[in-house]
Amino acid sequence: MSKPSMKLSLDKKHNLTGWIFLTPGALLILFMSFVPMIKALILSFKTGNGGALTWSDPIFRNYSQMFKDTVFIQSIKNTFFYLIIQVPIMLILALILASILNNRNLRFKGAFRTMIFLPCATSLVAYATVFRTLFANNGLVNLVLTKIGILSQPYSFLTHVWSARIIIVLALLWRWTGYNMVFYLSGLQNIEYSVYEAAKIDGASPMQTFFKITVPLLKPTILLTAIMSTNGTLQLFDESVNLTDGGPANASITMSHYIYNLSFKYVPKFGYAAAMSFLILILVAILAFVQMKVGDKRD
Amino acid sequence: MKRKLMSLLLVGAMTTAMFAGCGSSSDDAASTDNTATTNDAADASTESGSSAEGGKLTVWCWDPAFNIFSMEEAAKVYQKDHPDVDVEVIETPWEDVQTKLTTAATSGDLSSLPDILLMQDNAFQKNVISYPDAFTDLTDSGVDFSQFAAGKTAYSVVDGKNYGVPFDNGAVIACYRTDVLEQAGLTIDDFTDITWDQYIENGKKVLDATGKPLISMQAGECDLIMMMLQSAGSSLFNEDGTANIVNNDTLKVVMETYKELKDTGVLTEVNSWDEYVGSFVSGDVAGTINGCWIMASIKTAEDQNGNWAITDMPSLVGVDDATNYSNNGGSSWAVTSNCQNKDLAFDFLASTFGGSTELYDNILSCGAIATWAPAGDSDKYAEGDDFFGGDAVSAKIVDFATKVPSNITGVYYYEARDAVAVATTNVINGADIATELQTAEDTVNFNMQ
């Protein structure tokens, strides 16, 4: 043992212990996460089919190519449709459900919470397949609608553009609302109940308490869920593949689904596919930044 | 030196396998299995040199009732003469075969591949051209390719070299419920050697009499379109690899015919494969047209025993080379470059799938009908099938297969197929055929850049 190390102050010693604990995790993240990311970035500047890749000329060719790709543009539009329609509905629903379930006087709270959260325990592929079966020509939904006389004959939900998209939105709502609700519920636990009692004494209506107390105090959680949902929606894959298979005529294909097709179904173009994934990364980063600027008004 | 390199590689493979284990357990199992096999095979080849004595072959294929069963039968046939050869079949769905192959080939580490894998004919050109290093040239492997149907071997020939041993037949058959046809006053003869116009006329009669469509198809997939196209010897690509969509007059006729089928209600579209199979098994639809492997699905409807009949498909109207025969699906065996004991693999394939009537007789029960000509002469093929009213369906299909016009799949088959599927969906919904075909060709050309 050398002398200087003996002379470490207590503070430094604590720091050192901290770093030792951090190192394995940090190294794993570095090699499993960041190195592949950098490799993918390099890959996105290469062109070629399969394994034979060369530097693209000009270097940003893959990135400029994307904007000429009609299918990719279609997939961006679809993804943003899901994002703009589904995320706000889902977050509002989750917020409403959470504040209802946070009511102290509500009975069987545990049972309701479990029921609403349960969809999150199902596998993505499994629930997508169930939804596909539900909306099949001879599926439950058509059966019910024809039996009660709303439809005279079965409607092919998944082969019509708008119904197919709306079913994906419905499926997403079913799967993820409970998940976001749990975040809100835990956020609500941190709000003192006395605040609500005070509001009640002051004569605030339930609507006023919701908008003046619950929403502002939950802001950080809302921000978190908004960013997570945006991120998740932009990477939407399972539903597009299993529920509609991107159809009809690419009307519901998502960006990740198209990237998958390019890499594994078609003649593999890994460079181009990697470039597209980086576009998604950039989009996620921009949207998260905007949301943070809009949502986080701390002084 | 070689030893050191080998051990280094193995250590590398093991470490990657260990890390890959984080991702998925099945991957891990498969790759460690393969490392083991590599060792076995390497030992075997050093022992025996050229001749194939003992050793082990690993195989990837996907259907337990069909190609896995066939491979296991092949192993039994081969083991009669070579008792010390072990064949290990690992069940791998086709999508996974494709993904694993892509991963192995692009990473340059082929050690995770099996010795032999089954490949969809439609993907053969794409994979061999994209990853030439991953496959073994079988031209001089001892398999006599002249004994296979020419249209079939063409799928696995790249630059004049054979890369695949043909396995199952994809000759198109048209299947009908004779009891339903009867209600409309029709028989199977009214559907034999007919044109699509006659088919639609008959279909309307069946629809009026029973309310049942004649055929169902999966929406967004263009199986029927591709079958119709090939029945007239037409492809989505030219010989030189350029797209043949906008100026393809046959394709226009095909699109028009498909739209008419849909508009008249003779054809109904369903959303998924299980719905498709369900539609004719449950009797909602009076028949189907598909590759002959569809028989296995039809036969699951045991209550309809004896009510089915098989004939050739309708031919296109107003197209010069129109025939009543086409092909859909089918697959071939490929030997990977990871195979350490190639002589054994070659000998195995040559003396089973490329040389054993016994094997083809054994696997006929699961619906695997040979593309290997000598198999068709076997007595087994002439036997009647009670499910299809005592008709000798196997012999019929072998006969159909010989008449199938060959086509060009090209490297970009799946791109073109998807683009045409999009066009079809839009045309059904009222879009103009010419503009949609132009869009499809633009999409394909974009993908080929």
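The model scores ipTM 0.77 and pTM 0.77. For chain B the mean pLDDT is 82, with 88% of the residues of this chain reaching 70 or more. Residues 18-52 of chain B form a stretch over which pLDDT stays under 50, and for this stretch the model has 41 contacts beyond four places in sequence. Where pLDDT is low, the predicted coordinates should not be read in detail.

Chain A is built with 14 helices and 2 strands. The C-alpha trace of this chain spans about 85 × 60 × 35 Å along its principal axes, and its radius of gyration is 25 Å, whereas a compact globule of 299 residues would have a value near 19 Å. Of the 299 residues of chain A, 29% count as buried. Among the contacts in chain A with a separation of 6 or more, 70% are accounted for by residues 24 or more positions apart.

Between the two chains, 24 residues of chain A are in contact with 26 residues of chain B. On the side of chain A that touches chain B, the elements giving two or more residues are α4 (70-101) and α13 (255-265), and the residues of this side divide into 10 nonpolar, 9 polar and 5 charged.

The loop between α12 (238-244) and α13 of chain A holds Ala249(A), and Asn250(A) is found in the loop between these helices as well. Ala249(A) has a positive phi of about 50° although it is not a glycine, and Asn250(A), likewise a residue other than glycine, has a positive phi near 60°. Ala249(A) counts as buried because 25 other C-beta atoms lie within 10 Å, where 20 or more are required. Asn250(A) is also buried, since it has 23 C-beta neighbours inside 10 Å.

In chain B, strand β1 (residues 55-61) is mostly covered, with 7 of its 7 residues buried. In a regular strand the side chains alternate between the two faces of the sheet. Both faces of β1(B) are covered, as Gly55(B), Leu57(B), Val59(B) and Cys61(B) are buried on one side and Lys56(B), Thr58(B) and Trp60(B) are buried on the other. Strand β1(B) runs parallel to strand β2 (residues 85-91) of chain B, to which 7 bridges join it, and within this pairing Val59(B) stands opposite Val89(B). Together with helix α3 (residues 67-81) of chain B, the strands β1(B) and β2(B) make a right-handed β-α-β unit. Strand β1(B) also pairs in the parallel sense with strand β3 (residues 116-120) of chain B, over 2 bridges, and Leu117(B) in β3(B) is the bridge partner of Trp60(B).

Further along chain B, Ala392(B) lies in the loop between α16 (379-382) and α17 (393-402). Ala392(B) is partly exposed because 15 other C-beta atoms lie within 10 Å, a count between the limit of 12 or fewer for an exposed residue and that of 20 or more for a buried one. When neighbours within four places in sequence are left aside, Ala392(B) is in contact with Ala382(B), Glu383(B) and Gly384(B). Of these residues, Ala382(B) is 10 residues from Ala392(B) in sequence, and the two are 5.5 Å apart in space, C-alpha to C-alpha.

Notes: Residues are numbered from 1 along each chain as its sequence is written. Chains are lettered from A and ligands numbered from 1 in the order in which they are written. This is a predicted model: local features need pLDDT of at least 70, side-chain atom pairs count only at pLDDT 80 or more; totals for chains, interfaces and linings use all residues. Two residues are in contact if their C-beta atoms, placed from the backbone, lie within 7 Å. Helices (H or I, at least four residues) and strands (E, at least two) are DSSP runs, numbered from the N terminus. Ala, Val, Leu, Ile, Met, Phe, Trp, Tyr, Cys and Pro count as nonpolar, Asp, Glu, Lys and Arg as charged, and the others, Gly among them, as polar. Two strands pair if DSSP finds at least two bridges between them. A crossover is right-handed if, with the strands pointing away from the viewer, the path from the first strand over the helix to the second runs clockwise. The radius of gyration is taken over C-alpha atoms; the globule rule is 2.2 Å times the number of residues to the power 0.38. pLDDT is the predictor's confidence in each residue, from 0 to 100.
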